[in-house]
Amino acid sequence: MEDVDAAGLDFWSFVALANRRLAQEYGFRHQLATEVLLTLNRASDLVTYDLEAAVHRPRGRSWSAFRLLFVVWLAGPLEPTSAARLTGMSRAAVSNLVKTLVAEGMLHRVPDERDGRSVQLSLTEAGHEEMVSVFREHNEREFGWTNALTETEQRILVMLLGKLITSRAEFGPRSRK
């Protein structure tokens with residue numbers, strides 16, 4: 001086992017170290033897979049943190065609340081189960097957020113006319129106004145992040161990420177319920 005000066009590592013040197021140690025000390029064969037997913041997770045974490053810290057927290061919203069409001073804004077009215085599926089959150093997380101957002105006057109939660117056991121979520125007028133306002137700033141921030149890539153590179157990245165997402169059915173990973 002090699003000695004490592006962890007204080008001197010940055011993300012990229014850690015990835016190189018991880019790849020080397022996983023292969024040489026432990027015999028793992030798929031270092032590129034590890035590198036791809038470490039990088040994907042780091043990019044996702046950085047962008048999410050930046051958007052939440054720069055745009056949403058100053059407005060008193062979490063990233064999760066924004067995601068739910070965004071889905072209801074553009075796809076609503078919809079059932080909480082559909083909102084959970086579209087946001088990638090669990091049904092329980094959506095349920096907890098709905099309570100908060102209803103209390104804050106951002107969401108309506110009304111019984112479904114077709115199925116009395118279910119509810120429909122929709123934005124209030126205040127929720128709609130907030131989403132139009134916040135998304136203007138959010139979208140400019142998104143552009144700042146993606147502007148490092150050409151339009152063609154952005155389309156290729158979306159295609160490749162789509163391929164990663166759709167291929168997951170081959171090995172049956174768990175999804176949130």
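The following legends describe close-up views of a predicted model of one protein chain.

Residues are numbered from 1 along each chain as its sequence is written, and the model is predicted, with local features requiring pLDDT of at least 70, side-chain atom pairs counted only at pLDDT 80 or more, and totals for chains, interfaces and linings using all residues. Side-chain values rest on heavy atoms, and hydrogens and water are left out.

Figure 1. Helices (H or I, at least four residues) and strands (E, at least two) are DSSP runs, numbered from the N terminus. Along the sequence, they follow the pattern α-α-α-α-α-β-β-α-α. The chain is more spread out than a compact globule, because its radius of gyration is 20 Å, well over the 16 Å that the globule rule gives for 177 residues. This radius is taken over C-alpha atoms, and the globule rule is 2.2 Å times the number of residues to the power 0.38. The C-alpha trace spans about 65 × 35 × 35 Å along its principal axes.

Figure 2. Of the 177 residues, 27% count as buried. Buried means under 20% relative accessible area, exposed means over 50%, and partly exposed lies in between (1.4 Å probe, protein chains only). The chain exposes about 12300 Å², of which carbon and sulfur atoms supply 56%. Accessible areas come from the Shrake-Rupley method with a 1.4 Å probe, and for residues only the protein chains shown count as cover. There are 22 positive and 23 negative side chains, and the centres of the two sets lie 7 Å apart. Lys and Arg count as positive and Asp and Glu as negative, while His and the chain ends are not counted. The place of a charge is taken as NZ of Lys, CZ of Arg, CG of Asp or CD of Glu.

**Figure 3. The largest nonpolar core has 24 residues.** A nonpolar core is a set of buried Ala, Val, Leu, Ile, Met, Phe, Trp, Tyr and Cys residues joined through side-chain atoms within 4.5 Å. The residues with the most contacts inside this core are Leu68, Leu69, Val72, Val94, Leu101 and Leu107. At least two core residues come from each of α2, α3 (63-75), α4 (80-87), α5 (91-103), β2 (119-123) and α6 (125-146). Helix α3 gives the most, with 7 residues. In soluble globular proteins, nonpolar side chains tend to be buried together. Leu101 is in contact (heavy atoms within 4.5 Å) with Arg61, Ala65, Leu68, Leu69, Met106 and Leu107, leaving aside neighbours within four places in sequence.

**Figure 4. Helix α4 and the residues on either side.** The buried residues of α4 are Pro80, Ser82, Ala83, Ala84 and Thr87. Their cover includes α3, α5 and β2. In the loop between α3 and α4 stands Pro77, which a cis peptide bond joins to Gly76, with omega about -5 degrees. After α4 comes Gly88, whose phi is positive, near 80 degrees.

**Figure 5. Thr124 in the loop between β2 and α6.** Thr124 counts as buried because its relative accessible area is 10%. Leaving aside neighbours within four places in sequence, Thr124 is in contact with Gly105, Met106, Leu107 and His108. Thr124 and Leu101 are 23 residues apart along the chain, and their C-alpha atoms are separated by 10.0 Å.

Figure 6. Gln31 lies in helix α2, which covers residues 31-56. With a relative accessible area of 17%, Gln31 is buried. Gln31 touches Asn19, Leu22 and Ala23, not counting residues up to four places away in sequence. Glu35 also lies in α2 and is partly exposed, at 30% relative accessibility. An α-helix has 3.6 residues a turn, so residues three or four places apart point the same way. Arg21 belongs to helix α1 (residues 11-24) and counts as buried at 17% relative accessibility. Arg20 is likewise found in α1, but counts as partly exposed at 34%. The C-alpha atom of Gln31 is separated from that of Arg20 by 8.2 Å and from that of Arg21 by 9.7 Å.
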